[in-house]
Amino acid sequence: MIGRPEEDLDLGRAALLVAGEEYPGLDVEDHLRTLDRYAAEVRSLTHEGMTSVERAGVLGSYLFGELGFQGNSEDYYNPENSFFNRVLERQRGIPITLSLLFIEVARRVGVRCRGVGMPGHFLVGLEGEDVYFDPFNGAPALTPDDCRRLAGQLFGDRMSWNDGYLAPCTKYEFLFRILNNLKIVYERNDAPQKALGVSQRMALVNPEAKYLHRDIAVHHYQLQQYRAAIASLENYLRDAPDAPDAADAKAWIQTIRTTLNRLN
């Protein structure tokens, strides 16, 4: 991921800035104040003698019980589920954006949590405890065995469990995954211009993800931006010369050049 120290990244603010690309008039500070208000209410419901697990439980009950935030399983691939401002406004989201909500309010009340990018699902892990929360499903507290069973429900025999799936992710990995979810939505919805913009932001967050040059080339090609597609494929071959699909990328460059010659 990019070289700035992780502590410099305000994850909630970063997610709102990502949403600002789609919503230019978005008031970032107003949405951050909403998180502050939620935190103030949670503090009023807790007391000093509570453990971090108990505080997190109160937080989950407030957000996903009293306020009514919930997973949008009916319209999962709606891009609004990936924009943090719309999650706050609509009280609907996907696992990662609802986990972001949980983590950002938890941070404000002194409960230290991290995102957990389990395959196929996103959870919140409580630092220093083997306790996890599932915001998409109402934020119940889970043990590691509960998480393993959840993965089994999602994948069945298609995935072998690995305890490493519960490792906390960094803030930059968190932000990258938010962007990747949005990219997938735009690709599913045949929106190459928006997918291109998201892919370019992903490359800024994680320059080591060389495959993004290839994906960016695909989006340029879909937009008939053929020279830009060639440039992205050349960057891909330069940065990942031993990629398994390097030969395909070279052949594609030649195909695009043939198309350009025909158009000229």
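Analyst: Helix H5 is largely enclosed by the rest of the structure, because 13 of its 14 residues are buried. Buried here means under 20% relative accessible area, exposed means over 50%, and partly exposed lies in between, with a 1.4 Å probe and protein chains only. Helices (H or I, at least four residues) and strands (E, at least two) are DSSP runs, numbered from the N terminus. Please keep in mind that this is a predicted model, where local features need pLDDT of at least 70 and side-chain atom pairs count only at pLDDT 80 or more, while totals for chains, interfaces and linings use all residues. Residues are numbered from 1 along each chain as its sequence is written, and side-chain values use heavy atoms, with hydrogens and water left out.

The length of H5 also agrees with expectation: at 1.5 Å a residue its 14 residues should span 20 Å, and its end C-alpha atoms are 20 Å apart. That expected span is 1.5 Å times one less than the number of residues. Just after H5, Gly 110 takes a positive phi of about 85°.

Now to the space beside the helix. The largest pocket holds about 310 Å³. A pocket is an open set of points on a 1 Å grid over the protein atoms alone, where a 1.4 Å probe fits, with protein on both sides within 12 Å along at least five of seven lines; lining residues have an atom within 4 Å of a point. Its volume is the space filled by probe spheres set on the points, which are joined across faces, edges and corners. Of the 17 lining residues, those closest to the pocket centre are Ile 103, Arg 107, Cys 113, Arg 114 and Lys 171. Helix H5 (95-108), strand S3 (113-116) and helix H7 (171-188) each give two or more residues to this lining. By type, the lining divides into 6 nonpolar, 3 polar and 8 charged residues.

Arg 188 lies over the face of Tyr 77, at 3.7 Å from the ring centre. A charge sits over a ring if NZ of Lys or CZ of Arg is within 6 Å of the ring centre and within 35 degrees of the ring normal.

Conventions:
Nonpolar A, V, L, I, M, F, W, Y, C, P; charged D, E, K, R; others polar.
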